[in-house]
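Have a look at it first, and then read on.

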Protein chains: 2
Amino acid sequence: MDTHLHHEHPEDHLKSSDMLRDIVIGMSDGLTVPFALAAGLSGAVSSSNIIVIAGIAEICAGSIAMGLGGYLAGKTEQDHYSSEVKREYDEVEHLRHREIEETKEFFANIGLSPALQEQATEEIARDKDRWVDFMMKYELGLEKPDPKRATKSALNIGLSYIAGGIIPLSPYFFIDNSTEGLKISVIATLICLFVFGYFKSKITGINPWTGAIRVMLIGALAAAAAFGVAKLFEG
Amino acid sequence: MDTHLHHEHPEDHLKSSDMLRDIVIGMSDGLTVPFALAAGLSGAVSSSNIIVIAGIAEICAGSIAMGLGGYLAGKTEQDHYSSEVKREYDEVEHLRHREIEETKEFFANIGLSPALQEQATEEIARDKDRWVDFMMKYELGLEKPDPKRATKSALNIGLSYIAGGIIPLSPYFFIDNSTEGLKISVIATLICLFVFGYFKSKITGINPWTGAIRVMLIGALAAAAAFGVAKLFEG
């Protein structure tokens with residue numbers, strides 16, 4: 001493992017992991033939900049035709065819902081950040097005493113002596129912009145969001161969902177008997193979930209083999225449950 | 001708006017917003033995806049029976065995939081945190097000089113004078129546990145995760161998905177003609193999406209009416225797209 005990983009330029013690190021996180025979000029559900037839906041329907045109908053239609057409707061719905069959901073999350077983050085910045089400027093202006101106390105508290109919490117708390121707070125409070133910046137980051141824990149983030153996020157999540165969803169569905173395009181289609185769909189999707197889980201775990205720094213098996217099992221469990229429940233309701 | 005909201009005890013604030021975030025994640029997709037799937041299938045099949053089966057399979061699959069996905073995300077966060085803590089202790093022990101530089105850099109970035117940077121770093125570096133804690137929080141931006149978080153997250157997301165998904169599907173239980181079912185499903189779900197969007201926006205601090213309309217439009221768009229695409233593939 002690379003010990004220097006977290007000493008890279010933090011901005012770069014953040015952005016690339018934002019994109020990877022989006023792809024992981026989209027592909028994770030894209031591989032799992034259409035797969036489980038198709039498996040569930042295979043337990044209830046014998047012709048692939050209805051499964052293809054339902055699957056395409058699901059991929060369409062899922063990618064739009066998740067993609068636009070990501071867009072909304074990004075926009076909300078931006079709006080939230082702007083409104084908090086405004087509030088902090090307001091407080092620094094009109095509730096200066098309280099903000100001074102909060103800044104001192106921060107330095108007390110990280111373990112500085114009372115004398116240093118006093119001095120450090122005094123230095124920070126000299127520059128209003130810097131002070132607000134500091135409060136945003138360390139009191140509220142908010143990072144300034146990238147303004148293009150919402151749009152990028154929507155595209156990354158939506159396209160990853162589609163890419164993931166096509167895999168479990170594709171066998172049903174070519175095989176008319178749903179049980180036969182399911183067999184190939186299960187094999188293809190479990191392999192993809194394993195590979196996806198492996199790389200996802202590598203990115204997040206956990207054991208890739210454990211992660212690969214975990215992700216594959218979730219997909220298998222979801223598909224088995226959907227299959228069982230659909231059979232139950234059909235019967 | 002309550003100006004004091006972010007001055008609550010930060011731990012409490014974090015935990016409640018974690019739970020709310022889970023509910024929002026689950027219900028948001030639960031209301032949208034099964035809704036769009038049912039709408040899409042209503043464009044392709046005339047009997048509600050297949051829609052009910054597909055819808056139940058989808059809710060089953062979606063709640064498991066998203067719930068266990070949330071579990072996995074929580075577990076990964078914990079593993080990641082533990083491995084980073086170990087690394088920081090290691091670095092504080094064996095690369096003390098570099099960690100001192102990084103701590104100074106932090107104080108330089110927030111705007112302290114060189115003299116204070118020096119003193120503050122010296123004070124923090126006296127207590128190893130505190131120092132590692134500080135580095136975790138402010139160099140790496142990692143909060144200590146709640147050990148029960150993964151399980152709670154899975155339940156919150158999964159159950160919210162089911163609660164959301166039952167709403168668009170329920171009309172099809174009682175109405176055999178899918179087009180008639182769709183009409184009621186559209187009305188009921190759009191109202192729920194509006195109400196859900198309103199409260200979701202209130203929590204995140206953006207204009208609740210704008211938010212309500214945004215969330216409702218996403219649902220409507222996903223359903224319309226699924227309906228259109230399913231009709232296309234059926235025809």
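A search of the whole structure finds four cavities of 30 Å³ or more. On a 1 Å grid over the protein atoms alone, a cavity is a set of points where a 1.4 Å probe fits but cannot get out, while a pocket is an open set with protein on both sides within 12 Å along at least five of seven lines; lining residues have an atom within 4 Å of a point. Grid points are joined across faces, edges and corners, and a volume is the space filled by probe spheres set on the points.

Please keep in mind that this is a predicted model, in which local features need pLDDT of at least 70 and side-chain atom pairs count only at pLDDT 80 or more, while totals for chains, interfaces and linings use all residues. Residues are numbered from 1 along each chain as its sequence is written, chains are lettered from A and ligands numbered from 1 in the order in which they are written, and side-chain values use heavy atoms, with hydrogens and water left out.

The largest cavity holds about 80 Å³ of space. Its lining draws on both chains, with A:Ser28, A:Asp29, A:Thr32, A:Leu193, A:Lys200, A:Val215, A:Ile218, B:Ala65, B:Gly69 and B:Leu72. At least two lining residues each come from H1 (10-42), H7 (178-204) and H8 (208-234) of chain A and from H2 (48-94) of chain B. Helices here are DSSP runs of H or I with at least four residues, numbered from the N terminus.

The second largest pocket has a volume of about 150 Å³. Among its lining residues are A:Tyr81, A:Asp129, A:Met136 and A:Lys144. H5(A) gives the most to this lining, with five residues.

The table sets out both linings by class; Ala, Val, Leu, Ile, Met, Phe, Trp, Tyr, Cys and Pro count as nonpolar, Asp, Glu, Lys and Arg as charged, and the others, Gly among them, as polar.

| Space | Volume | Lining residues by class |
|---|---|---|
| Largest cavity | about 80 Å³ | five nonpolar, three polar, two charged |
| Second largest pocket | about 150 Å³ | six nonpolar, no polar, five charged |

**Helix contacts**

H5 (residues 128-139) of chain A also meets chain B: its axis and that of H3(B) (residues 96-110) come within 9 Å and cross at roughly 130°. H5(A) is therefore oblique to H3(B). Axes are lines fitted to C-alpha atoms, for helices over the stretch in contact, and angles run from 0 to 180 degrees between N-to-C directions. Angles under 35 degrees count as roughly parallel, over 145 as roughly antiparallel, 65 to 115 as roughly perpendicular and the rest as oblique.

Within chain A, the axes of H2(A) and H3(A) come within 5 Å and cross at roughly 110°, so these two helices are roughly perpendicular to each other. A:Glu88, A:Glu91, A:Val92 and A:His94 of H2(A) meet A:Arg96, A:Arg98 and A:Glu99 of H3(A), where contact means heavy atoms within 4.5 Å. Five of the residues in this contact are charged, one is polar and one is nonpolar.

**Two buried residues**

B:Thr32 sits in H1 of chain B and is buried, with a relative accessible area of 5%. Buried means under 20% relative accessible area, exposed over 50%, and partly exposed in between (1.4 Å probe, protein chains only). Beyond its neighbours within four places in sequence, B:Thr32 touches A:Ala65, B:Leu193, B:Gly219 and B:Ala222.

B:Phe134, in H5 of chain B, is buried at 4% relative accessibility. Leaving aside neighbours within four places in sequence, its contacts include A:Ile110, B:Phe106 and B:Ile124.
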